Amino acid sequence: MPAGTVAAWRGVVEEFRGDLSLPAGAPAVSLREGNTPLVPALRAGRGADLYFKIEGQNPTGSFKDRGMAVAVSGALADGARFLVCASTGNTSASAAAYAARAGLPALLAVPAGEGAVAKGKLAQALAFGARLVLVRGNFDQALAAVRALATARPDAALVNSVNPLRLEGQKTGAFEVVQQLGDAPQWLCIPVGNAGNISAYWRGFCEYRQAGRSTRVPRLVGAQAAGAAPLVSGQWVDRPETVASAIRIGRPASAHLARAAVAEADGRFLAVADAAILEAYRFLAREEGIFCEPASAASLAGFWAAQRQGLIRQGEQVVCILTGSGLKDPDRAVAEGDPPLEAEATPEALLGALPRALCD
Ligand SMILES: *Cc1c(COP(=O)(O)O)cnc(C)c1O
């Protein structure tokens with residue numbers, strides 16, 4: 001390396017290969033995912049020592065890229081001829097990008113309903129040239145279809161989080177949190193949809209604890225949207241409903257892993273209402289300067305709910321995983337924002353648009 005050159009981050013496969021169960025000699029398919037910022041909260045902590053892990057800064061704007069890099073690396077090692085997945089949007093955006101990178105076609109099944117998938121995610125899948133199928137049904141039905149397809153076609157790589165390599169990749173988020181804080185936090189708050197990511201984080205924290213790279217594991221708060229909260233109620237939800245489309249899932253495929261993780265971690269699944277999710281979404285943007293998508297804000301809403309219940313106490317160290325970028329869902333941002341004003345192009349007219357407190 002030339003003198004003065006900073007060692008470049010190589011992405012999760014190469015940075016963490018020794019800690020991933022990936023076939024030896026698998027090629028690394030990478031867009032330099034991972035290495036995302038851990039940002040201290042200024043106002044949202046309300047007495048806790050709170051940090052945000054900004055997973056929206058991954059290459060396609062969500063944490064899915066960590067798992068996708070490893071799953072697609074494994075797919076190439078296996079000689080897969082195409083990728084397939086069901087998705088509420090971010091998995092398909094990520095699969096489409098890593099398919100392009102790997103030189104493989106991608107077949108994406110997303111729910112067809114109005115507002116089922118945020119516009120930015122659809123735009124990504126199309127831009128990357130994937131074959132996008134709008135399925136008549138919800139996410140759970142789309143996932144059942146692609147699982148059956150993958151059984152019938154051994155040359156297909158199923159890249160949903162039922163693929164064990166997805167969780168392997170996503171556990172690197174926990175590794176980074178430990179490296180960034182110097183230890184595991186006391187609490188991890190994370191949104192739960194298909195329940196893969198919470199399971200992956202738990203695995204990552206346990207592995208680092210076992211290897212002596214941390215002194216503790218966190219307690220877990222798994223935040224589900226109230227209209228899609230099967231892990232809170234203990235019952236599958238046939239028609240999941242929430243503004244947080246990324247976690248609009250009624251039958252989480254990794255429910256068993258997530259239940260075990262939360263039990264071992266002495267944690268809790270909490271339901272957060274859409275109004276609480278949107279309050280956290282606006283607060284993050286307006287009071288912290290962090291623009292995430294609604295599903296991601298469920299982690300902050302879950303943290304606040306845990307604080308109110310006395311579960312999380314003053315002074316405790318907490319990390320909220322902000323799973324995806326706010327740019328994914330521009331329609332929501334416009335709906336939640338103050339409407340723009342119109343004015344003549346004169347200084348006087350512009351000054352008239354200032355908030356009252358600044359007018360004199
Ligand atoms: C996929 C996703 C989730 C949910 O993760 P699961 O592993 O399905 O529980 C949360 N937020 C965003 C932005 C996502 O894309």
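How many residues surround the ligand, and which are the closest? There are 16 of them, with K64, N90, N194, N197 and T323 the closest; a residue is near a molecule if one of its heavy atoms lies within 4 Å of it. Before going further, note that this is a predicted model, in which local features need pLDDT of at least 70 and side-chain atom pairs count only at pLDDT 80 or more, while totals for chains, interfaces and linings use all residues. Residues are numbered from 1 along each chain as its sequence is written, and side-chain values use heavy atoms, with hydrogens and water left out.

Let's look at the shell around the ligand. Its residues divide into six nonpolar, eight polar and two charged, where Ala, Val, Leu, Ile, Met, Phe, Trp, Tyr, Cys and Pro count as nonpolar, Asp, Glu, Lys and Arg as charged, and the others, Gly among them, as polar. Helices α8 (196–210) and α12 (294–308) each supply at least two residues of this shell; helices are DSSP runs (H or I, at least four residues) numbered from the N terminus.

Now for individual atoms. An oxygen atom of the ligand lies 2.7 Å from a polar side-chain atom of N90, and a polar backbone atom of G193 is 2.8 Å from a ligand oxygen. On T323, a side-chain N or O atom is 2.7 Å from a nitrogen atom of the ligand. Taken alone, the ligand exposes 380 Å², and the protein buries 97% of that (Shrake-Rupley method, 1.4 Å probe).

Technical notes. A polar contact is a pair of N or O atoms within 3.5 Å; within protein, one must be able to donate a hydrogen and the other to accept it, and residues adjacent in sequence count only if both atoms are side-chain atoms.
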